[in-house]
Amino acid sequence: MDVDVPGGRVGLPGTVARVALEAAMIALLVWQFSGVSDPGSQVQVLDPGLGLAWKVLLIGTLVAGAVTALAAWRVGRWTSGLSVIDVLVTATGALVAVYLLIQDRLIVSDLSERLSEVFGGTIDLTISNDLLAALVIVIAVWEIADRLRGHRRDPAKV
């Protein structure tokens, strides 16, 4: 997601975009985990009964990703240490999400019914948690490869 300037320099637009995306995801998770305010017009997708430790891990990895991106921008480039931290943060978030998806603990079990109630009619949204977990893995691998590729191109890496 980062738009790095050739030569390893971290650009402000890429940093702003990443931090904004992370902030939006944090807001979405907080809203979903706290329970939607109007079940008649809003859809509860994530299980608000998920344990606090899991919620903190998921939200914490997003916060850590934003902080790491800001640190790289402040330093002016992705150092080895910042790259490793970013890779670990991404991997941790993905592992937690995949574990919860495989355990059938992240998404509410009656999602199709909730969608039908809010939008009317019969909505059958049967999405395999395994498919969602695979998608999370693909995105995480992409992000990690992008970070490592960007770091490898940096001639000033430390």
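Student: Is the crossing of helix 2 and helix 3 left-handed or right-handed?

Tutor: This is a predicted model, where local features need pLDDT of at least 70 and side-chain atom pairs pLDDT 80 or more, while totals for chains, interfaces and linings use all residues. Residues are numbered from 1 along each chain as its sequence is written, and side-chain values use heavy atoms, leaving out hydrogens and water. In a left-handed crossing the near helix is turned anticlockwise from the far one by less than a right angle, in a right-handed one clockwise. For helix 2 and helix 3, the crossing is left-handed.

Student: How many charged residues are in the contact of helix 2 with helix 3?

Tutor: Contact means heavy atoms within 4.5 Å, and residues including Trp54 and Leu57 in helix 2 meet ones including Leu82 and Asp86 in helix 3. Ala, Val, Leu, Ile, Met, Phe, Trp, Tyr, Cys and Pro count as nonpolar, Asp, Glu, Lys and Arg as charged, and the others, Gly among them, as polar. This contact has 14 nonpolar and 5 polar residues, and the charged ones number 1.

Student: Which helix gives the largest share of the lining of the largest pocket?

Tutor: That pocket holds about 1,000 Å³ and has 28 lining residues, with Met25, Leu62, Ala97, Val136 and Ile139 nearest its centre. Helix 1 (12-33), helix 2, helix 3 and helix 5 (129-153) each give two or more residues to the lining. The largest share is 7 residues, from helix 1.

Student: And how many nonpolar residues are in the lining of the largest pocket?

Tutor: Sort that lining by class and you get 5 polar residues and 3 charged ones. The nonpolar count is 20.

Student: What pattern does the protein follow along the sequence?

Tutor: Helices (H or I, at least four residues) and strands (E, at least two) are DSSP runs, numbered from the N terminus. The protein has 5 helices and 2 strands. Read along the sequence, the pattern is β-β-α-α-α-α-α.

Note on methods:
1 Å grid on protein atoms, 1.4 Å probe; cavity = no way out; pocket = protein on both sides within 12 Å on 5 of 7 lines; lining within 4 Å. Points joined across faces, edges and corners; volume = space filled by probe spheres on them.
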